[in-house]
Amino acid sequence: MRRGSSKKSGQSNPSVNSSAADLFRSASSKANSKELERIDSLFYTYANGSSGLIDPEGIEALCADIEVDHTDLRILMLAWKMKAEEQGYFTLDEWRRGLKALRADTVSKLKKALPDLEKEVRRPSNFSDFYSYAFQYCLTEEKQKSIDIESICELLTLVLGSTFPTQVNLFVEYLKNQNDYKVVNMDQWMGFFRFCNEISFPSLSDYDPELAWPLVLDNFVEWLREKQK
Amino acid sequence: MQVTLGCLRNAYNMVLQKFGEKLYSGLVTTMTSHLRQISQSIESAQGEIFLEELNRKWVEHNKALLMIRDILMYMDRTFVPSSRKTPVHELGLNLWRDVVIHSNKTQSRLLDTLIDLVLKERNGEVINRGLMRNLIKMLMDLGLSVYQNDFEKHFIEVSKDFYCCESQKFIESCNCGDYLKKAERRLNEEMERVSHYLDPSSESKIIKVVETEMIENHMHTLVHMENSGLVSMFVDDKYEDLERIYNLFRRVPSGLTIVKDVMTSFIRDTGKQLIMDPERLKDPVDFVQRLLDLKDKYDKAITLAFNNDKTFQNALNSAFEYFINLNARSPEFISLFVDDKLRRGLKGVGEEDVEIVLDKVMMLFRYLQEKDMFEKYYKQHLAKRLLSGKTVSDEAERSLIVKLKTECGYQFTSKLEGMFTDMKTSYDMMQGFLACHGAELGDSPTLSVQVLTTGSWPTQSSPQCNLPSEILGVCEKFRSYYLGAHSGRRLSWQANMGNADLKATFGKGQKHELNVSTYQMCVLMLFNNADRLSCKEIEQATAIPMPDLKRCLQSLALVKGKNVLRKEPMSKDIAEDDAFFFNDKFTSKLFKVKIGTVVAQRESEPENIETRQRVEEDRKPQIEAAIVRVMKSRKILEHNNIIAEVTKQLQARFLPNPVVIKKRIESLIEREFLERDKVDRKMYRYLA
């Protein structure tokens, strides 16, 4: 394992001075604890001093550093890996969890870990969990159970747009044009994912509205069939 | 042959001396040759003599056989069995069969002649039945297979052809009723024929032929015959024809099914036409009466002509259930019908006849899928009847409630009964009030109050309106009296439900008594102190909501014969600046003029839509409760099964829409009463 890390220019590092860093480097502590400390110190480079959390500003800074746009799906994947609870914020525990799992204790390692992270998320066994996480992550208020149509459309495009482009585009179009639903809940969100995975498109031949599909999908299919005529 | 004692002894001796074989074969030879002669003589008989000759010779042969058997009795008992020979009598019959009957010429001639006679008889000629009977019996005596092969088989074949042709001929020339009469006649004929000269075993066979050829093969043609088929029989109440078709068609497979199906689809179409006819729908009472008449018509047909057949009863019921529910306003109309009967239709009608009408209403009620809609309207209409005092018979009202309770359970009628209780309590309350305060009331207007328990009565929140000062005093007295007896309760005057009698004097001194609604009273009393009032001014003075006020002013100023107010300008609509005047020139032939409308009426379209929305809203919690009940007991259930169970639970009140059920399930999932099973997405799981 490569020892030592060179700090990238442009980083502010107020709380750790170079002599302390040398001290740590020279001490013969376990690699693990060193890694943990680096992870922690990385955390504090982005965290907000008063709240002790990385806030949206900090996240934006992080994004700039790892050269990923803050609306990129990979940030969401990172949040998933961290099991982050609140959108726009990372706590120390979450940060530690995520970066430790990725074995990334520097910005460049973090950046390099992203492609593997993406592969991991896209594995079928994980993707379903990621998909439902994406919904929950967007629930900002305490008792909130559903998300408005506008946001859902964006989220859907972000999360599923590359995997099921046709279905997503059509569903988004449907949602924007209909009047029955102003919000979408978790059940409906998951239902759509099942729909994409199980129903053949564009034939829709195996869709049965008398089964337990959420009503919004029954209406979507009816809309599609009308459109196809 | 002459029998002598000598013959007997000789025969006996021959057998004893072991000459049985010789005796037996001698018998065979002799008889055979004798029979050959007879056969020839029969064959040569001309024309009609043939049968008679055959018969005569047969009779003789039988006599002879008896004698021979007697003579050869010893041989018959000893030699014959031990050498396994055919017994004498049987031998005699077999020889007759083989030599005489089965001689080439005779066999076919006999058959042809017999058949010919039958056909003649079918064509109306008289034949010698005795002769026929004897000869048929002869064939039977010769053995069942002889009868069947030599006669019956061909008889049946020929009959088939005969009836095939005849039925074809009749179908082309007769109408349904006449055809059926002819078929019935032929059936009877054939049965009679069998009983007279054929073997009983042929009866079922020949009957089957007639049934198949005349009825079964033409079932559809008959039933659908234009102007005379089943449908026109129903239309013209041809009970005799209907009875005949029932009795004939029940003999053949699927016969009654066709009758039942045609009847069902005709009733459905008739009903559907009735339901869709916009003219009919304008008068709900007439509409329902027509439904009842239609039911009576078919009930009568089934009783008189179809033997009260249960499958037909069921078909009638399902047809009615089908088309009554096609009209979304059926519940309302049936309630209006009941309202009409209980308000005036049953006036003077005897108790038993009242029960009959109410039972008929219940019968229609049972067909309704949306019983909760009916309940809503029934409640509204009942309230109006009770409050306006316009019910023909208290017993009739109560009797109907009891019937509804029996049908639907206590919950359906508990509120209705509450309404009756309120009426009684109010009456007692008024008596108490008058006893207590009667003296002081003196010249005040006579007040009659009904205190309604909120929740039992159909709710229509009535914003307060300003009651005329003339009655405020007595109203307050009542209020304090009541609250004195029942502290802790709250009373609010329902200005949209009351009525008043006003004594009015017009321009030339003519006096009338006006029966008006509370709102109308408030408006009219204003004119005691003002000559001219604008609509807006009236609104401000009375605080009646504008839409209600407009309706009220319309009824006071724009209805011919009831225009106690005059409006300027004279337009049809009410504008807020319009001016109103007391109509000095009002005239009416009647002393008592009724202007208020508290009578139940057919709802307008917008009102109808609103009622339906309210009912749909009421149904949502009921559906949810049913879903939760089902899931609580089953714990995990598949989607289709939930739909089925919930539908079953609710069907006594209404038929839930599967889409609505699904929506409720999703709502319950969101509120975490249920969840989808993680493994099998078709299943739902109850969350305790």
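Here is the tour, one selection at a time.

Before clicking, note that this is a predicted model: local features need pLDDT of at least 70, side-chain atom pairs count only at pLDDT 80 or more, and totals for chains, interfaces and linings use all residues. Residues are numbered from 1 along each chain as its sequence is written, chains are lettered from A and ligands numbered from 1 in the order in which they are written, and side-chain values use heavy atoms, with hydrogens and water left out.

**Stop 1: chain A**

Select chain A and switch to cartoon: you get 11 helices and 2 strands (DSSP runs, H or I of at least four residues for helices and E of at least two for strands, numbered from the N terminus). Of its 229 residues, 43% count as buried (under 20% relative accessible area with a 1.4 Å probe, protein chains only; exposed is over 50%, and partly exposed is in between).

Now pick helix H4, residues 73–82 of chain A. How many of its 10 residues are buried? The count is 9, among them Leu73(A), Trp80(A) and Lys81(A). Their cover includes helices H3 (56–66), H5 (92–102) and H6 (107–122) of chain A.

Stay in chain A and show the side chains of Asp40(A) and Arg96(A), which meet in a salt bridge at 2.8 Å, N to O (a side-chain nitrogen of Lys or Arg within 4 Å of a carboxyl oxygen of Asp or Glu). Asp40(A) sits in helix H2 (residues 31–46) and Arg96(A) in helix H5 of chain A, so the pair ties together parts 56 residues apart in sequence. Asp40(A) is buried at 14% relative accessibility, while Arg96(A), at 27%, is partly exposed.

**Stop 2: where the chains meet**

Bring chain B back. Here 13 residues of chain A are in contact with 13 of chain B (heavy atoms within 4.5 Å). About 1300 Å² is buried between them, with carbon and sulfur atoms giving 49% (accessible area, 1.4 Å probe, that two parts lose on being put together, summed over both). Color Asp187(A), Ala212(A) and Leu215(A): they supply 41% of the area chain A buries here, more than any other three residues. There are 3 salt bridges between the chains. Zoom in on the one joining Lys145(A) to Glu672(B), whose closest N and O atoms are 3.9 Å apart.

**Stop 3: a hairpin in chain B**

Select residues 499–505 of chain B, strand S1. Ala500(B), Leu502(B) and Ala504(B) make up the covered face, whereas Asn499(B), Asp501(B), Lys503(B) and Thr505(B) form the uncovered one. S1(B) runs antiparallel to strand S2 (residues 511–517) of chain B, joined by 7 bridges (two strands pair if DSSP finds at least two bridges between them). Find Thr505(B): its bridge partner in S2(B) is Lys511(B). In the hairpin, with 5 residues between the strands, Gly509(B) takes a positive phi near 90°.

**Stop 4**

Next comes an open sheet of 3 strands in chain B, ordered S7-S9-S8 with antiparallel pairing. S7 (636–638) and S8 (674–676) of chain B stand at the edges with a single partner each, so one side of each has no neighbour in the sheet. Look across from Glu675(B) to find Arg685(B) in S9(B).

**Last stop: a buried pair**

Finish with Arg193(B) and Glu121(B), a salt bridge with its closest N and O atoms 2.9 Å apart. Buried or exposed, Arg193(B) and Glu121(B)? Both are buried.
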